[in-house]
Amino acid sequence: MAKVFTVDEVKAHNKLDDNFIIVHGDVYNVTEFKNEHPGGKKILERVAGKDATVQFDKYHKLSVLEKYKGKLQVGSLEGKAPAAPAPTPKAEPPKPAPVAKSVASSSSAEPAATVSETYGDLIPYGDPAWYQSYHSPYYKASHAALRVEVREWIQSEIEPYVTEWDEARHVPEKIYQQMGQRGYLAGLLGVKYPVEYTDRRVTSVPAEEWDHFHELIVTDELSRTGSGGFVWSQIGGYGIGLPPVIRFGQPELKKRILPGLLNGEKRICLAITEPDAGSDVANLTCEAKLSEDGKHYIVNGEKKWITNGIWADYFTTAVRTGGPGMGGVSVLLIEKTSPGVSVRKMDCQGVWSSGTTYITFEDVKVPVDNLIGKENQGFKVIMTNFNHERLGIVIQCNRFSRVLYEESMKYANKRKTFGKKLVEHPVIRMKLAQMARQIEACHNWLENIVYQCEKMGTTESMLRLGGAIAGLKAQATTTFEFCAREAAQIFGGLAYSRGGQGAKVERLYRDVKAYMIPGGSLEIMEDLSIRQAMKVHQALGMKL
Ligand code: HEM
């Protein structure tokens, strides 16, 4: 049971070598901590025995307390309501609550529902509109329950440590295992919840109800960490490496590898890009030759910028089995244990904890049963993957943009310059306005496209939505770049140094190019958005 202090009791500990302080009604013993306090020990001495909430809030974010509470908190001030216990991975996540029917639902063929309660910090545009009790036709009770479940886990188990992990360029394995145990991995494949391959379930969503909006919520909430490196460490390889296997893999292969992957025990990545072939996939050179007995492919070649490659057990790899161009490409599942596979970690500008990797394949023997799809028809497998990959990028970018905006809004409401809060300067409000309007426009387009995916099958959505999704990726990445730049200006020096209050802004600024270049560069996306849309609309009967 935590000790209850009176103000006078705290006051008695008012020296450098016996220093208690009060922050937000809790009492911390910072005597030993003083030597490791990044802000210095004298500053703690000045508030020894006192309520230091105002000073604390000036220099830190609240998540600092989450991290140090266990080590430094010795009790609470009398009269303070006891804090709710922090949720643990084992805690019961919320069940879907009853939902209010929206006005729209009464006239529509499908029963739509709105979630009436508000959720989150209620900063205008700081969360998607439906979190703030605005009506939406897309969400029901299980979506609301899922956002609570994921956010609680992120806030207690992940967010306080993300900066540390990013600096160490590695996220502890237990987090990925929890992604599997909590059933999130199985829900991130752009297909129905694969109950036939896993006994894991997401507690707040019945498997048969799982839809693309649930997937959107998991990715969106993961991205609230404000770290592309963290998000990619969890789903960067998996979210693009596994869908081809689940859609096109041979039944025996799926039976063998899917359970371990869905449960978070094994890892997979997508190996397409090469030192000399990025967006120009049709020209890749990594070759796979059928052995004389027809039982194996012998693979030789290099892959570059492969997310999660360093930890992956399986590589979904694009190889050349035939002649030049897209008609000679196949996809093979290569296993790390095969002799001749080597990996080397790459140093990059951003997404530090994502494990960007250079891979070499030297005379690697791959069983023909590991062929994904048909020989020389790998281009179709790769193309089918792109919409899902790009939508994932869009969701991440748009939440990162929101994080940058939300951090800026909070900071602008506390930081004072020239006798005024930053938010009272019109030039700062204009930056916030420009960020918010781009984020909201992007999110509304995103929800519309996710709804189309929900209604169309894979083939129809691949053909009809490819152009729009490319355009949306271009929009989301430019919004992200804009928000990173503007947030950095609002935070000033705090966004230039690493860690501390500006940590998310500094980190996301470095992550921008990891979203604007891979998965189809901005230039290719803009071009494709028109070319592909023209093709589709020609087929629909476009009159020019
Ligand atoms: C429970 C008590 C405290 C803890 C656990 C704590 C922890 C930290 C940490 C981790 C940092 C590094 C930056 C960051 O991660 O935000 C930091 C920086 C700092 N802290 Fe504290 N702190 C505490 C109390 C205080 C108080 C009461 C003051 C002021 C009276 C203070 C003043 C500062 C300053 C000036 C910095 C440097 C900020 C910067 O680099 O911009 N801290 N503190």
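Student: Which residues does Ser353 touch, not counting residues up to four places away in sequence?
Tutor: This is a predicted model. Ser353 sits in the loop between strand 13 (341-345) and strand 14 (356-367). Leaving out residues up to four places away in sequence, Ser353 touches Trp165, Asp166, Arg169, His170, Val171, Gly229, Phe230 and Ser233.

Student: Is Ser353 buried or exposed?
Tutor: Count the other C-beta atoms within 10 Å of Ser353: there are 23. A residue with 20 or more counts as buried. So Ser353 is buried.

Student: How many charged residues are in the shell around the ligand?
Tutor: The ligand is surrounded by 21 residues. By class, 14 are nonpolar and seven are polar. The number of charged residues in the shell is none.

Student: Which domains each give at least three residues to that shell?
Tutor: Strand 3 (18-23), helix 2 (42-45), helix 3 (53-59) and helix 4 (63-72) each supply at least two shell residues. The closest residues include Pro38 and Gly500. At least three shell residues come from each of domain 1 (3-77) and domain 4 (386-540).

Student: What does the UniProt annotation call residues 2-78?
Tutor: The span is 34% helix and 26% strand. Its end C-alpha atoms lie 11 Å apart. The unreviewed UniProt entry annotates residues 2-78 as "domain: Cytochrome b5 heme-binding".

Key:
Residues are numbered from 1 along each chain as its sequence is written. This is a predicted model: local features need pLDDT of at least 70, side-chain atom pairs count only at pLDDT 80 or more; totals for chains, interfaces and linings use all residues. UniProt positions are given in the numbering used here, feature names are shortened, and annotations may be inferred rather than shown by experiment. Helices (H or I, at least four residues) and strands (E, at least two) are DSSP runs, numbered from the N terminus. A residue is near a molecule or strand if its C-beta atom, placed from the backbone, lies within 6 Å of it. Ala, Val, Leu, Ile, Met, Phe, Trp, Tyr, Cys and Pro count as nonpolar, Asp, Glu, Lys and Arg as charged, and the others, Gly among them, as polar. Domain bounds come from an automatic or database domain assignment. A residue is buried if 20 or more other C-beta atoms lie within 10 Å of its own, exposed if 12 or fewer, and partly exposed in between; C-beta atoms are placed from the backbone. Two residues are in contact if their C-beta atoms, placed from the backbone, lie within 7 Å.
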